[in-house]
Structures are given as C-alpha cells and as structure tokens.
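Me: Hi, I'm new to this one and would like a quick tour. Can you walk me through it?

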Amino acid sequence: MSETIFSKILRGEIPCHRVYEDALVLAFMDINPIAPGHTLVIPKEARATLAELSDDSAAAIGRVLPRICRAVMQATGATAYNVLQNNGVGAHQAVFHVHFHVIPKVAPSGPGSGLGITWPVTKPSSEELAAMAQRIAATLAASPA
Ligand code: AMP
C-alpha cells in the first residue's frame, strides 16, 4: 500500500478540483497542468504502479476513461490529446499512486502546449521482434489472469 498525496485527496484531507467520482475511481484537475484541462484519473485503490492494480480497479478506470477524455476535449475545445501513465522514477513517476494523465495537445511546443514527446526509434530485425514477442507471450501464458 502506498501512502501519497493522492491518498490524502481521496480521504478529503487536502482539496482537489474534482471532475468525476464513482465507487472505485476519482478524477480531478492536475495542480500543475501542462495544458488547460490536464486531468488526472486515479483508482481509489492505493497501488504504486499499473502492474500492481487489481482487475476491478483497472476495469473501472477503463470503463470511464474514454468518457472523461471526451469531456475534457469538449470542455477545452482541443482536438488532440495524450493519455499518459508513468510507472517508476525512471519513467518520470513522481506520485506513487496509479494515475492516468489526460492531456489536451493544444500547440506544437511551449509552456501549456501539452505533452512533448521524444520517440527514439530503433530498427530490430524480424527475428529479434519474434524472440521478444515469444518471451512476453510465454510470461503471460504462465501468469494467472
Ligand atoms: P507523475 O509524474 O506521472 O507522477 O505525475 C504526478 C502529477 O501529479 C503531476 O502532474 C503533478 O502536477 C500532480 N499533482 C501532484 N500533487 C497534486 C495535487 N495535490 N493535486 C493535483 N495534482 C497533483
């Protein structure tokens, strides 16, 4: 169990600008948005990373995420957006309670423009891709649903 600033928000000990809540999910405005409308969607279950989340919480987020994306886009007028979910310090996670960022993309660059991405492409061979796919598939087959 991870005790974080989001646990305090969930308990009502610190305020948030709430946009959605159900039995398993809360969504609220990011306090330091990188674009107008930048929203966080979190499970009420306290888990640090997505891989640790229960199927029930994951399903609850999956059910509501598209609806929240539609609302953010409609409210902001943005036509493009990113959904970002960071896991681990190396992947830029700062708050160790699972959260999905819904981030309108409003300009190519600059403050408040939305997510800037570098996409460091590599060119693996077909054999390398097949070997990796086999490793991941075998791990999945061996792990319980
Ligand atoms: P990440 O780097 O994916 O862990 O992002 C954590 C996000 O939580 C950042 O975008 C922060 O601005 C946001 N955040 C931290 N504290 C609060 C808070 N009290 N209310 C709303 N958002 C917050």
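This is a predicted model: local features need pLDDT of at least 70, side-chain atom pairs count only at pLDDT 80 or more; totals for chains, interfaces and linings use all residues.

Me: Good to know. What volume does the largest pocket have?

Reply: The largest pocket comes to about 420 Å³.

Me: And how many residues line the largest pocket?

Reply: Its lining is made of 22 residues, and F6, D30, I31, L40 and V95 are the ones nearest the centre. Two elements, α1 (5–10) and β2 (25–29), each give two or more residues to that lining. The largest share comes from α1, with 3 residues.

Me: OK, what about the second largest pocket, how much space is in it?

Reply: About 220 Å³. The residues lining the second largest pocket are L84, N86, A91, H92, L115, G116, I117, T118 and W119. By class, that lining has 5 nonpolar and 4 polar residues, with no charged ones.

Me: Switching topic. Which residues come nearest to the ligand?

Reply: There are 16 residues around the ligand, and D30, H92, A94, H99 and H101 come nearest.

Me: D30 came up with the pocket too. What does D30 do with its side chain around the ligand?

Reply: A polar atom in the D30 side chain sits 2.5 Å from an oxygen atom of the ligand. D30 is also among the residues nearest the centre of the largest pocket.

Me: Now H101. Where is it?

Reply: H101 is in strand β5, which covers residues 100–104.

Me: Is H101 buried or exposed?

Reply: Buried. Its relative accessible area is 11%, and buried means under 20%, so H101 qualifies.

Me: What's the polar partner of the H101 side chain?

Reply: The side chain of H38, through a polar contact of 2.8 Å. Apart from residues up to four places away in sequence, H101 touches D30, H38, T39, L40, N82, V83, L84 and N86.

Me: Let's jump to I42. Which strand is I42 in?

Reply: I42 belongs to strand β3, residues 39–43.

Me: And why does I42 count as buried?

Reply: Because its relative accessible area is 0%, and the cut-off for buried is under 20%.

Me: Which residues is I42 in contact with?

Reply: Setting aside neighbours within four places in sequence, I42 contacts F6, L10, L24, V25, L26, F28, I61, H97, V98 and H99. As for S57, it is 15 residues from I42 along the chain, and their C-alpha atoms are 9.2 Å apart.

Me: Last one, H17. Is H17 buried or exposed?

Reply: H17 is exposed, because its relative accessible area is 62% and exposed means over 50%. You'll find H17 in the loop between α1 and β1 (18–21).

Me: What does H17 contact?

Reply: Leaving out neighbours within four places in sequence, H17 is in contact with A27, F28 and M29. Then there's T39, which is 22 residues from H17 in sequence and 9.5 Å from it in space, C-alpha to C-alpha.

Notes: Residues are numbered from 1 along each chain as its sequence is written. Side-chain values use heavy atoms; hydrogens and water are left out. On a 1 Å grid over the protein atoms alone, a cavity is a set of points where a 1.4 Å probe fits but cannot get out, and a pocket is an open set with protein on both sides within 12 Å along at least five of seven lines; lining residues have an atom within 4 Å of a point. Grid points are joined across faces, edges and corners, and a volume is the space filled by probe spheres set on the points. Helices (H or I, at least four residues) and strands (E, at least two) are DSSP runs, numbered from the N terminus. Ala, Val, Leu, Ile, Met, Phe, Trp, Tyr, Cys and Pro count as nonpolar, Asp, Glu, Lys and Arg as charged, and the others, Gly among them, as polar. Buried means under 20% relative accessible area, exposed over 50%, partly exposed in between (1.4 Å probe, protein chains only). A polar contact is a pair of N or O atoms within 3.5 Å; within protein, one must be able to donate a hydrogen and the other to accept it, and residues adjacent in sequence count only if both atoms are side-chain atoms. Contact means heavy atoms within 4.5 Å. A residue is near a molecule or strand if one of its heavy atoms lies within 4 Å of it.
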